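Thanks for coming, everyone. Let me put the structure up, and then I'll walk through it piece by piece.

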2 protein chains.
Amino acid sequence: ASVALPVRAEGRTIKWRLASSFPKSLDTIYGGAETLSRRVAELTEGRFEIRVFAGGELVPAFGVLDAVQQNTVECGHTASYYYYGKNKALAIDTTLPFGLNTRQLTAWVMADEGMGLLREMFAEYNILNFPGGSTGAQMGGWYRKEIKSLEDLQGLKIRIPGFGAEIFSRLGAVPQSLPGGEIYPSLERGAIDAAEWTVPYDDEKLGFHKVAKYYYYPGWWETGTHLVFYVNKDQWAALPPSYQAAFEVAANEAHLEMLARYDAKNPPALQRLIAAGAELRRFPDDVLLKAYETAHQVYAEESTRNPTFKRLYDSMMAFQKRADAWWGVGESPMSNFQQAVRRMK
Amino acid sequence: ASVALPVRAEGRTIKWRLASSFPKSLDTIYGGAETLSRRVAELTEGRFEIRVFAGGELVPAFGVLDAVQQNTVECGHTASYYYYGKNKALAIDTTLPFGLNTRQLTAWVMADEGMGLLREMFAEYNILNFPGGSTGAQMGGWYRKEIKSLEDLQGLKIRIPGFGAEIFSRLGAVPQSLPGGEIYPSLERGAIDAAEWTVPYDDEKLGFHKVAKYYYYPGWWETGTHLVFYVNKDQWAALPPSYQAAFEVAANEAHLEMLARYDAKNPPALQRLIAAGAELRRFPDDVLLKAYETAHQVYAEESTRNPTFKRLYDSMMAFQKRADAWWGVGESPMSNFQQAVRRMK
């Protein structure tokens, strides 16, 4: 049944610019913003146009939060832990060492207290946040020498940012801050001993396996890394409600699709890396246990001086305690059986 | 920047009816269709209205495929394995015993060959399929007595449908087909010995723990159960492109949101069930191994006589082989460490 009716008055044309933190070469992560832009255009018959700019084109890659807050651009696509220097609580929007896995983080955000608490925090920046994709659990990076125990971390020069750097430093390593493009040459000439990046599909592009063949897991400092879309709140308030709905639903779709893409692309990428000489290694138990303890000390200290961190962290940890107990019944036993039976064959 | 422009001609009012297979009491699964309907209305400023009817209101709960195919309703929300009797390949749209977990199934569908192959199959029914939510990995059901080995399955009267029933039967059990409402009284009076349903949040509503206290995991026959939206292809073709986009994006959002809701609701439900006397048990290894072997025999036999099944199955299994290898590096070691460290404390 279809009837012609007078059309409503909201058919306005709106043009936004989206500043991404990511280069086009990281097609899966950068593609999240393209998915959003394309879908919003379809939904609004081309009336709401969001033009996507790669990291550095309009504003610096790590200047997206400032640019959206200051209305230099209407919106952005980034990872909140890049702004850890402003407030460590921002990392909770992305991932924490020994934090939630990606399904749990999505559940805490979309179906528990997460989104409400995150929006309280982002309101301080005049920003409205939306889910912006996920990579899933990340790898633990590339090492020129094997890590056989905590001893081998002493003095280790490793490229790693944020909370991960803080924990590695307390374990005796010497964290380095390097942009993506400088990692390979630094590893090659031995200026650093190790570097973490992301997941096999993206790591492969940077070719780290050629200069540091030991590829460690699990990436305990990124247990389910989430990206985010930022929107300037004044710009948001000026949108017709149906355009707001278009942005919101397209962000949720981009969130779902990015993880699906990584889950399809990482398996063959890992196979190619191994064929090219990468050697998989699991972090030894003493490293994992000490890192776990240290992470929780760091969180306890941060909680005493940062009420925003404490509010978000307490909610997330209460969720994690419940969610992990269920994960250990609902998902892990099935995954572990599938792994075991395939090894037996 | 916002400019008033002449509005396009597509502002048509369209009213559809959606037949759900689910009762309103299963709020999370039924809610997937409500999420879709509400979002489509917002996106189209109320012009595309999808009215949701619970299972049995317009057509029988398991009559949704027929009703959409025959244009009795424009669209539906259901699980394709209900139509296993028409073609066993339809189960692959939902879940297979020892099949993909929910992230892997979403990835195979959205970012690998899955959607193309599924749409070929559904074209035979004049239906276009869209992702319709997920419960995650399910539980293995409720048992009046413990299952300590394969022996204990001999003669066991268990309520279970589909491929799960076929495998249980080959293992010596006696599968029963019973609608949801008859399970509790049958268990209570001992007419059946066991029954599988879904996940803690939904199982709790039916109260099985009061009459069969052993709650088994993993639910190896539903490793990541997916729901689906069906649309009649002639009705789809008559939609303006922006309304098609609205339906498609809203289905993806509903898919994401349902899993988030189950992931938030199952953990406290499991805690409540245990507090009420449910006793968790893992299926013994001999049961899991024999069920695994049997499942793959069943698939091999079906593949020889059913080319649609073979096409979908071969693609899915090739994906699973790659994806499980990555899962064993990327996700499982992190989950297993988190489980272990929490047990130690």
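**A salt bridge to start**

Look at A:Asp66 first. This residue forms a salt bridge with A:Lys86, and the closest N and O atoms are 2.7 Å apart. Where do the two partners sit? A:Asp66 belongs to helix α2, residues 64-69 of chain A. A:Lys86 is in the loop between β4 (75-78) and α3 (102-111) of chain A. So the pair ties together parts that are 20 residues apart in sequence. Over all chains, the count comes to 56 salt bridges.

One caution before I go on. This is a predicted model. Please keep that in mind for every value I quote.

**The sheet in each chain**

Next, the sheet in chain A. Six strands form it, and it is open. The order is β8-β7-β9-β6-β10-β12, with mixed pairing. Which strands stand at the edges? In chain A they are β8 (174-176) and β12 (279-282). Each has a single partner strand, so one side of each is left without a neighbour in the sheet.

Now go inside that sheet. Strand β6, residues 142-143 of chain A, pairs with strand β9, residues 194-195 of chain A. The sense is antiparallel, over two bridges. Find A:Trp142 on your screen.

On to chain B. Here too there is an open sheet of six strands, in the order β8-β7-β9-β6-β10-β12. Its pairing is mixed. At the edges of this sheet stand β8 (174-176) and β12 (279-282) of chain B. Each of these has a single partner strand, so one side of each lacks a neighbour in the sheet.

For a parallel pair, take β7 of chain B, residues 157-159. Three bridges join β7 to β8(B), and the two strands run parallel. One pair to click on is B:Arg159 with its bridge partner in β8(B), B:Gln176.

**Backbone points**

Some background first. Most residues other than glycine have a negative phi, and most peptide bonds are trans. Now the exceptions here.

A cis peptide bond joins A:Tyr217 and A:Pro218, with omega about -10°. A:Pro218 is placed in the loop between β10 (214-217) and β11 (226-232) of chain A. In chain B, a cis peptide bond joins B:Tyr217 and B:Pro218, and omega is again about -10°. B:Pro218 lies in the loop between β10 (214-217) and β11 (225-232) of chain B.

Then there is A:Asn126. Its phi is positive, about 60°, although A:Asn126 is not a glycine. Look for A:Asn126 in the loop between α4 (114-123) and β5 (127-134) of chain A.

**How the two chains go together**

Now the pair of chains. What rotation superposes chain B on chain A? It is 180°, with 0.0 Å of shift along the axis and an RMSD of 0.0 Å. The two copies are thus related as by a two-fold rotation axis. Which C-alpha of chain B is nearest the axis? That of B:Glu253, 2.9 Å from it. The same surface serves both copies, as 100% of the contact residues of chain B recur in chain A.

Next, the interface numbers. In contact are 83 residues of chain B with 83 residues of chain A. Between them the chains bury about 7900 Å², 61% of it on carbon and sulfur atoms.

What about polar links? Between chain B and chain A there are six salt bridges. The side chains of B:Asp324 and A:Arg342 meet in a salt bridge, at 3.1 Å from N to O. The count of residue pairs in polar contact between the chains is 23.

Several elements of chain B give two or more residues to the side that touches chain A. Among them are β1 (2-4), β2 (12-20), α1 (27-43) and α12 (332-344) of chain B. Which element gives the largest share? That is α9(B), with 21 residues. By type, this side of chain B divides into 41 nonpolar, 22 polar and 20 charged residues.

That's my tour. Over to you for discussion.

Conventions: Residues are numbered from 1 along each chain as its sequence is written. Chains are lettered from A and ligands numbered from 1 in the order in which they are written. This is a predicted model: local features need pLDDT of at least 70, side-chain atom pairs count only at pLDDT 80 or more; totals for chains, interfaces and linings use all residues. Side-chain values use heavy atoms; hydrogens and water are left out. Two strands pair if DSSP finds at least two bridges between them. Helices (H or I, at least four residues) and strands (E, at least two) are DSSP runs, numbered from the N terminus. Copies are superposed by least squares on the C-alpha atoms of residues with pLDDT of at least 70 in both. Contact means heavy atoms within 4.5 Å. Buried area is the accessible area (1.4 Å probe) that two parts lose on being put together, summed over both. A salt bridge is a side-chain nitrogen of Lys or Arg within 4 Å of a carboxyl oxygen of Asp or Glu. A polar contact is a pair of N or O atoms within 3.5 Å; within protein, one must be able to donate a hydrogen and the other to accept it, and residues adjacent in sequence count only if both atoms are side-chain atoms. Ala, Val, Leu, Ile, Met, Phe, Trp, Tyr, Cys and Pro count as nonpolar, Asp, Glu, Lys and Arg as charged, and the others, Gly among them, as polar.
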